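Please examine the sequence and the structure shown here. The report then turns to selected sites.

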Amino acid sequence: MARKIIIDTDPGIDDALAIFYALAAPELEILGLTTVFGNGSTQMSTANALHLLEIAGRTDIPVAHGAERPMGMAFQGGAPQVHGADAQGNLFLPAPAGKPVSMHAAQFIIDQVMAAPGEITLVPLAPLTNIALAFLLKPDLPQYIREIVLMGGAAFVPGNITPAAEANIWNDPEAADIVFGADCNIVMIGLDVTEHLFLPGSRLEQFASLGNPRADHLARILPCYRDFHVRQLGLDGIHVHDSSTISYLLRPDLFTLEGHPVRVELTGLGRGKTWPAVGRSDVESAWAGRRPIQIAVKVDADAALALEWEHHSRTLGR
Ligand code: RIB
Ligand code: CA
């Protein structure tokens with residue numbers, strides 16, 4: 001039986017890769033996309049989520065519009081320099097034909113989880129605001145979730161938006177600290193592994209010849225993301241951050257995990273830093289009572305990238 005997942009997302013060029021990858025995997029059943037700000041506004045995320053499903057011919061999958069601002073600050077303005085001013089590579093697509101469901105994303109998550117207790121995996125690829133809101137609305141929700149496999153954080157490596165913080169966590173640290181404190185299984189796929197998953201420019205150029213509508217869209221948006229990596233990081237290619245969660249769901253054996261309770265720094269220069277309790281920190285009360293988060297620390301990058309590429313090459317048949 002396919003594993004039921006809800007993808008919480010701010011699409012986003014690497015979110016598009018992850019969503020298309022998941023859609024091509026019969027082992028996964030996507031119950032819905034829930035949207036949040038991050039790479040752009042929530043409005044933009046919802047329009048882009050609807051677009052991606054239209055491109056893939058999967059308008060049967062519902063989209064639920066979520067939180068429009070972080071819990072403890074204003075929306076930080078997105079990442080037009082990374083993902084384009086429309087968060088889809090500056091394509092400025094016309095408005096999608098579809099509409100989101102009338103329910104808030106947090107309520108959508110609660111209803112779906114409670115309709116199939118213990119079966120649903122949440123896959124957040126964006127700030128954790130919707131998930132934290134769902135936990136605040138229904139505090140016992142974590143015990144009914146099968147697992148959370150999230151892209152975010154940097155445990156033992158520097159951040160990518162500040163020296164301390166990874167972007168998804170930095171965009172709503174308060175929400176992230178609530179989620180990392182929840183009583184459920186959480187796998188954190190952060191920069192510790194995603195920065196080892198690198199698709200070179202030569203590979204990106206091959207999307208255009210794969211000959212399916214998902215790959216055609218990716219071929220149009222990837223140059224923007226590639227340019228950012230060239231300009232800012234001096235790398236000709238891209239990190240496939242969000243897709244790593246899908247590789248983990250399909251082949252967890254490719255990843256090495258370490259379990260440590262995690263707190264999120266909420267103040268000062270380190271705001272958004274994910275702090276694992278390691279070394280002597282097990283005596284620190286701030287981490288006490290928290291379940292260990294399974295932090296990905298190593299990945300078989302060649303195998304994960306090959307798996308992802310093979311999925312992008314597939315023609316969707318239903
Ligand atoms: O740090 C990488 C994450 O932030 C990804 O989810 C990507 O979409 C970005 O905005
Ligand atoms: Ca994302």
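## Basis of the model

This is a predicted model, in which local features need pLDDT of at least 70, side-chain atom pairs count only at pLDDT 80 or more, and totals for chains, interfaces and linings use all residues. Residues are numbered from 1 along each chain as its sequence is written, chains are lettered from A and ligands numbered from 1 in the order in which they are written, and side-chain values use heavy atoms, with hydrogens and water left out.

## Ligand site

Ligand 1 is surrounded by Asp14, Asp15, Asn39, His83, Leu125, Met151, Asn160, Glu166, Ala167, Asn168, His241 and Asp242 (a heavy atom within 4 Å of the ligand). Helix H1 (13-23) and helix H6 (167-170) each supply at least two residues of this shell; helices (H or I, at least four residues) and strands (E, at least two) are DSSP runs numbered from the N terminus.

Oxygen atoms of ligand 1 are approached by a polar side-chain atom of aspartate 15 at 3.0 Å, by a backbone N or O atom of leucine 125 at 3.0 Å, and by a polar side-chain atom of asparagine 168 at 2.9 Å. Taken alone, ligand 1 exposes 280 Å², of which the protein buries 94% (Shrake-Rupley areas with a 1.4 Å probe).

## Helix H5

Within helix H5 (residues 129-137), the buried residues include Thr129, Asn130, Ile131, Ala132, Ala134 and Phe135; buried means under 20% relative accessible area, with a 1.4 Å probe and protein chains only. The buried residues of H5 pack against strands S1 (3-9), S2 (28-35), S4 (120-124) and S5 (147-151), and against helices H4 (105-115) and H7 (173-180); contact means heavy atoms within 4.5 Å.

## Arginine 290

Arginine 290 is placed in the loop between strand S11 (274-276) and strand S12 (293-299). Arginine 290 counts as buried because its relative accessibility is 16%. Its side chain reaches the backbone oxygen of aspartate 177 at 3.1 Å and that of valine 262 at 2.9 Å. Leaving aside neighbours within four places in sequence, arginine 290 is in contact with Asp177, Phe180, Gly181, Pro261, Val262 and Arg263.

## Histidine 239

Histidine 239 lies in strand S8 (residues 237-239). With a relative accessibility of 7%, histidine 239 counts as buried. Not counting residues up to four places away in sequence, histidine 239 touches Thr194, Glu195, Leu197, Phe198, Tyr225, His229 and Leu233.

Conventions
Buried < 20%, exposed > 50% of the residue type's maximum accessible area, 1.4 Å probe, protein only. Polar contact = N/O pair within 3.5 Å; in protein donor to acceptor, adjacent residues only side chain to side chain.
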